[in-house]
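Please consult the sequence and the structure shown below while reading.

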Amino acid sequence: MEMDFCLITGRTSKQGESREIGKATEKYRDNTAIVRLNEDDMEGLGLEEGSSVQVSTEAGSVTVKARKDNGLGRGVVFMPIGPWASKVVGGDTCGTGCSHAKGLSASLSNTDDNVKSLKEILAG
Amino acid sequence: MILKENVTCMFCGCLCDDLKVEVENGEIMDVKNACVNGRSRILNHNRERVENPKVRKDGELVDVSFDEAIQKAVNIIDDSKFPLIYGLSSTEVDAQRKAVELAERIGGTIDNTASFCHGPSILAIQSSGAQEATLGEIRNRADLLVFWGCNPVESHMRHPPRYSVTPEGMYISGRSDREIVNVDVRETTTSKMSDKFVKVDPGKDYELFSAMRAYLKGFDVGDAAGVSSNEIEELVEKMKNCNFGVIFFGLGLTLSSGIYVNIEGALDLVRDLNDHTKFAINPMRGHFNVTGANAVMSWTTGYPFGVNFSRGYPVYGPGEYTAMDVLVRKECDSVVVLASDPGAHFPASASSHLKDVPTVLIDPKKNATTHFADVVLPPAAAGIETGGTAYRMDGVPLELDKLVESDLPSDREILDRIIQKVEV
Amino acid sequence: MIIKNGTVYDPINDIDGEKMDICLKDGRIVEEAEGKEIDASGLVVMPGGVEIHTHVSGSKVNSARSLRPEDHRKDVVPKTDITRSGVGYTVPNTFVTGYRYARLGYTTMMEAAQAPLGAKHTHEELNDIPILDKGVFTVMANNHFILKYANDEPEKLKNYVAWLLKASKGYAVKLVNPGGVENWKWGGNVDSLDDNVENYNVTPREVIASLARANDELGLPHPIHLHCNNLGKAGNKETLVETAGMFAESLGSPGNSETTVEVGESAKNRVHLTHVQFNAYGGDSFANLSSGAEDVADVVNKNENISCDLGQVIFDDVTTMTSDGPWQHRLYKLSGKKWNNHDVEMEAGSGIVPYTFRSNNPANAVQWTIGLEVALLVEDPWRVYPTTDHPNAGPFYHYPKMFAWLMNKDLRDEVIENGPSSASSRSGLGSIDREYSLYEIAIATRAGPAKRLGLKNKGHIGVGADADIAIYDFDEDNIEESFSRAKYVIKDGEIVVKDGKVVKDTRGKTICADVQGEVTDEMRDEFSKYYTVKMDNYPVNDSYVPREELIKCG
């Protein structure tokens, strides 16, 4: 089951706090290798809290864990910045030095893949 | 136990300077007044540290002496035709000055993290100009605050209680004297803190700013950007009729489609509002000393980021000499990363190039870029183990503290050693 | 080192074109010395230039650098083995700033304005300006504590001034549109000396008087340095004359501001009126702007306690930048150029607007005449100093043009004749025959400003002075060229410029006023309530001024 969404990436306090402990830690991965979405959208995709979900954009795709966030409207998903989100953010800056990292077209689908570790995600 | 007071935090652009840090036997035991981010940074400053300089040999990073690591870094730079120096934001001003000196010496390209953050804001300001105010001005006078495309409750946690939303000011008794509006594509914890939330369609902020400006100038406007014409009119009337208004804006504007054009929309609106009342617009700067990086680059080169020295003088080139472009187009043949982590935060199409070219990393912690580094030079942590100056998001300079000792050299010392040895 | 056989102009020591040797040792002028000899036969030898007012460092200037990449691109400066690289044009980077001042023969400069909250920034930039010794003026006339104490609490005011100057490592007390910048924080301004400063119940007149008194009681070396109200407005010569009129008599003793005390000249309070060109307009709109230079020169001529600097217009690109927020807003409205504004809590504001002075613009042409007219009508060259309020009226690189106009009537007439008729019909410049001699230039650019700043070791090359010397190959038929490229510039006894090129990259001293103030409970209380930095973190530590020179007061 695949659905299209508007993807926002951004900072969270948990991402910031755990980043200061270390990027190679489990805690950092738990706080950063995630995508937050509305529970109705989760249901539509057949996802539960913590299940693996593949996020794909024209830049690439990555497997992360789903987290419920009813502050998000339907059709909008959020990923904290970090090495996992960086897989789906493109590098075309249109000559400005800065690429789009918010408001991206993404498709999400249920997956059995595991979430990669920091080392694995950086390896390519 | 020593209690250090009035310590300046070094996590985000708020640079809160009222922290209290308890130090015992040369170790930090507790931090008071900081938010969880600042507290985490200070208390965890020893975790995931790189303790020794490293050089990659046969695919693995191995401990070496500083002399060897510095020499290896120097060799990488000397062999390079188009070196890139990137980062700067999480260290103090003297290290940033040294980074510029190095870039000039080697005819390299130097960029800081603003280029993937508020660089677009700077581009917009270069076109339109901006009316800014220091945070105390806002605390003392602002009765209307608009948080647009930012989420300070998550990213700048003490901003609302210390500078903007709740504190008492000279002409403002507190929260009840202020109206807080939040404009975003989604509801966040900042929205919950606000009196009014306006939902704008993703990528449509420029339309909304334009509609608001048109209404301000007396035109009839319809719905725009997913916001009804009534709401637009109401918002503009609020802004016109306040005593002192401010828009705080964040990456919701800089990283969305339109990039710097979004901010131009905001700047033009605020400029026109100044025909009616007092209005300011302040960017929510992220890394603790990214404002310092722009300040240092501006005074030493004339330009705030994205500078190349190949011709022997500084040339400004957003899109040309900004790090993301240089990496995506694979133009650099070596990279020196100072006080930042492009390995984690750059799009993979940019950071992957770090794998393919010799990379020198100068940062206290093991981070994502460590995985790509060929040389790691660990410095004393700025603001904790070595002092210096940092610039707050509103441009106010603050002195950083040395809280505990470290055997490690500072960033500026490491850079200076490289400067002394590289070929000109 | 010995500079042999030069034609020396050293007005403080009454030397007017005498052939003599100048001896240096250990960075000072001495009676006798050995060592390297510079053959200065046929060359003019003067003390190094003293710049009394320029905007080259700190938050406002740096904002302007970042704002104007288009300004830099046309003026690139490659690095050399000795010098760092950089850019001009109107807002050069710090390295180019120092090198270019040095090449003109300047060895001391005063940064004209800093908000004390940004003082650390100003000093960090000053540390990156090569060669010159420098000081900085701290703005005070829109400071909360000053406004609060101005009327009724002169002792508290005096204490605060002293404390603030020390905390900001400043040299002198700067006033910019007193009261107007505070009102601008609510979108307003002041338009007369007796207008009300909202929320403080004080007038600009009271602020100026109380700061002038405090300044003189503290014995600060330089007078209050005043950017008058109503800058840039047509007809504003009235305000300048009225402001100067305050100083025609003593401002009285503390708590006695109502009484006029008849005392001798020496009891009058001092004032330095800065960039008077911008405050010397007759007429009532930009369309009929006329020169008020006569009125300005008149007040300066009548009052020995008043000095001024010009703010001379150059027909070129400029970047206007002042702490006068409301004026900058008005200029934005007039010109339509991009506009930066920055309000600083509790103490100041600033604004930046790019502009271009055009020789074929009738108002600009009148503005051009004014600075020169003032300089030529003021009889005492010790009290009028040529500046361009860099970069407001022109980049400082054009100072040699300005000296040429002062020294040569034909060159002035050429500009007047080739420009709009306004320059002759709305100004008296064309009818002035006076030409500055080289001696008078030496007074106006060296001796006079040094004396007015209270810098006893600058502005002259008598025994004991700092060995800061400029040597020119002077050709009276080519004045501009002569002053553009010094033959030699010596700083602290070392040759730093030769044949117009920087040959040694050094760093000068930061000159600070040696003054003390106390932190009172009231100050602490208000600080913690209204500032967003801790009071203990506010002062500039010694580490920011690695080479500090303290000048005593009194």
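## Helix 9 of chain B

Helix 9 of chain B covers residues 205-216, twelve residues in total. From first C-alpha to last it reaches 16 Å, close to the 16 Å expected at 1.5 Å a residue, the expected span being 1.5 Å times one less than the number of residues. Helices (H or I, at least four residues) and strands (E, at least two) are DSSP runs, numbered from the N terminus.

The model is predicted: local features need pLDDT of at least 70, side-chain atom pairs count only at pLDDT 80 or more, and totals for chains, interfaces and linings use all residues. Residues are numbered from 1 along each chain as its sequence is written, chains are lettered from A and ligands numbered from 1 in the order in which they are written, and side-chain values use heavy atoms, without hydrogens and water.

## The buried face

Buried residues (under 20% relative accessible area, 1.4 Å probe, protein chains only) in helix 9 of chain B are B:D205, B:L208, B:F209, B:A211, B:M212, B:Y215 and B:L216. Seen down the helix axis, they fall within an arc of 160°, so they line one face of the helix; the arc is that of the directions from the axis to the C-beta atoms.

## The interface of chains C and B

In contact (heavy atoms within 4.5 Å) are 57 residues of chain C and 63 residues of chain B. Seven salt bridges are counted between the two chains, each a side-chain nitrogen of Lys or Arg within 4 Å of a carboxyl oxygen of Asp or Glu. One salt bridge joins the side chains of C:K333 and B:D275 (2.7 Å, N to O).

Notes
Buried < 20%, exposed > 50% of the residue type's maximum accessible area, 1.4 Å probe, protein only.
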